[in-house]
Amino acid sequence: MTNDINDHVPSRQRRRFPGISSRAYEHPADRSALVALRKLSGFDTVFKALSGLLPERSLRLLFLSDSVRVSDAQFAHLNSMLRDACYILDLEKVPPMYVTQNPQPNAMCIGLDEPIIVVTTGLVELLDEEEMRAVVGHEVGHALSGHSVYRTILLFLTNLALKVAWIPLGNVAIMAIVTALREWFRKSELSADRAGLLVGQDLKASMRGLMKIAGGNHLHEMNVDAFLEQAEEYESGGDLRDSVLKILNVLPRSHPFTTVRAAELKKWAESRDYQRIMDGHYPRRDEDADTSVTDSFRQSAASYADAVRTSKDPLMKLVGDIAGGTADLGGKLRDRFTGTGTRPSASDKAPGSEHGNRSGDGNGNGEANGSGRADGKPGQNDNGEG
């Protein structure tokens, strides 16, 4: 069931973005994948033909029978936020939205034929109005980008991987696809966070919402600046062993870690791209068909290259050193992996000494913290809204 957005206007004045293309807020890696998929002839038809094999109908019936559908009569304040978000992002039809009983704060946008949005009672009870508005905008951003289609495919393949685990190599092939889809979907979450900011137009509310998802309803005990410092420490701290653990921790997840999401959103909010959108200069939906796949992939590659170049993570620094042809790579690899600092030079050896003394700082340049846990919840696929 859908509603016409012309029935209502936003609950309060915000900038509206008529005809905005999802390319305006999509992360480069997310955008390049979507542009390529949209260019494939018959792609949407093929995936929709799979709907009989996917649990979409079952999910729709489940939410209709065992959840509360948002409307003017039920969760009216959420219905108002939903219409507001669709109005601001100029989404033609308002997708159905359900509230389901679950203490875990979460939300998702799924569906092949038509997207549906689901939020848990845990999330509704956790966030205030402006924080929730950003979450609703996040899910509407998923709908506008078409993420719900690929999210449904990801859920299906993940479930299929469990069923064929006993088949030799069958699970390996499917999990390779699932791993790639998860990497893309983590980038799509960053895109949807940006859409949430465009709808709410309140960076502080977006930050508060992410903090609450990470630490619960104890806002008086938390601080945005300190929370962002955690993201800085997470990225730059430790040695190569911690870098490997970070990768292992994030692989099974469909969402980036919450502190990383907060840092990425703040960085985008301070960028020229965001300001141009707010000034009314953004890609239009009617231009999507003319978008170059090559240019999109080039932008995606440039984004990853820039991430490697500017990253403070020890592994990413090493990758940058390899790309730059840094001398003495073997010693650098050993020192970063063991956290022992720099190697001694000839000038560090005492006269008459056979081996000399190591000139490191004693603590190791990038000592591991030993926890190996990025957010205290290793292996958890979802952390907060989808």
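**Exercise 1.** How do the residues lining the second largest cavity divide into nonpolar, polar and charged?

*Solution.* This is a predicted model.
Step 1. Count the cavities. There are two of 30 Å³ or more.
Step 2. Take the second largest cavity. About 40 Å³ of space lies in it.
Step 3. List the lining. His27, Leu190, Asp193, Arg194, Arg261, Glu264 and Leu265 form it. The elements giving two or more residues to this lining are α8 (170-200) and α12 (258-269).
Step 4. Sort by class. The lining of the second largest cavity holds two nonpolar residues, one polar and four charged.

**Exercise 2.** Describe how α4 packs on α6, and give the residues in contact.

*Solution.* 
Step 1. Helix α4 covers residues 76-88 and helix α6 covers residues 129-145. Their axes lie 9 Å apart, at an angle of about 50°.
Step 2. Name the arrangement. Because angles of 65 to 115 degrees count as roughly perpendicular and those under 35 as roughly parallel, α4 is oblique to α6.
Step 3. The crossing of α4 and α6 is right-handed.
Step 4. List the contact. From α4 come Leu78, Met81, Leu82, Asp84, Ala85 and Cys86. From α6 come Glu129, Met132, Arg133, Val136, Gly137 and Val140.
Step 5. Sort by class. The contact of α4 with α6 has eight nonpolar residues, one polar and three charged.

**Exercise 3.** Work out the relative direction of α9 and α12, then list their contact.

*Solution.* 
Step 1. Read the geometry. Helix α9 spans residues 203-215. The axes of α9 and α12 come within 9 Å and cross at roughly 170°.
Step 2. Apply the cut-off. Angles over 145 degrees count as roughly antiparallel, so α9 and α12 are roughly antiparallel to each other.
Step 3. List the contact. On α9 it is made by Leu203, Ser206, Met207, Leu210 and Ala214. On α12 it is made by Thr258, Arg261, Ala262, Leu265, Lys266 and Ala269.
Step 4. Sort by class. The contact of α9 with α12 divides into seven nonpolar, two polar and two charged residues.

**Exercise 4.** Classify the packing of α6 and α9, and sort the contact residues.

*Solution.* 
Step 1. Read the geometry. The axes of α6 and α9 are 8 Å apart, at about 90°.
Step 2. Classify. That angle makes α6 roughly perpendicular to α9.
Step 3. List the contact. α6 gives Glu130, Glu131 and Ala134. α9 gives Ala205, Ser206, Arg208, Gly209 and Lys212.
Step 4. Sort by class. The contact of α6 with α9 has two nonpolar, two polar and four charged residues.

Note on methods
Residues are numbered from 1 along each chain as its sequence is written. This is a predicted model: local features need pLDDT of at least 70, side-chain atom pairs count only at pLDDT 80 or more; totals for chains, interfaces and linings use all residues. Side-chain values use heavy atoms; hydrogens and water are left out. On a 1 Å grid over the protein atoms alone, a cavity is a set of points where a 1.4 Å probe fits but cannot get out, and a pocket is an open set with protein on both sides within 12 Å along at least five of seven lines; lining residues have an atom within 4 Å of a point. Grid points are joined across faces, edges and corners, and a volume is the space filled by probe spheres set on the points. Helices (H or I, at least four residues) and strands (E, at least two) are DSSP runs, numbered from the N terminus. Ala, Val, Leu, Ile, Met, Phe, Trp, Tyr, Cys and Pro count as nonpolar, Asp, Glu, Lys and Arg as charged, and the others, Gly among them, as polar. Axes are lines fitted to C-alpha atoms, for helices over the stretch in contact, and angles run from 0 to 180 degrees between N-to-C directions. A crossing is left-handed if the near helix is turned anticlockwise from the far one by less than a right angle, and right-handed if clockwise. Contact means heavy atoms within 4.5 Å.
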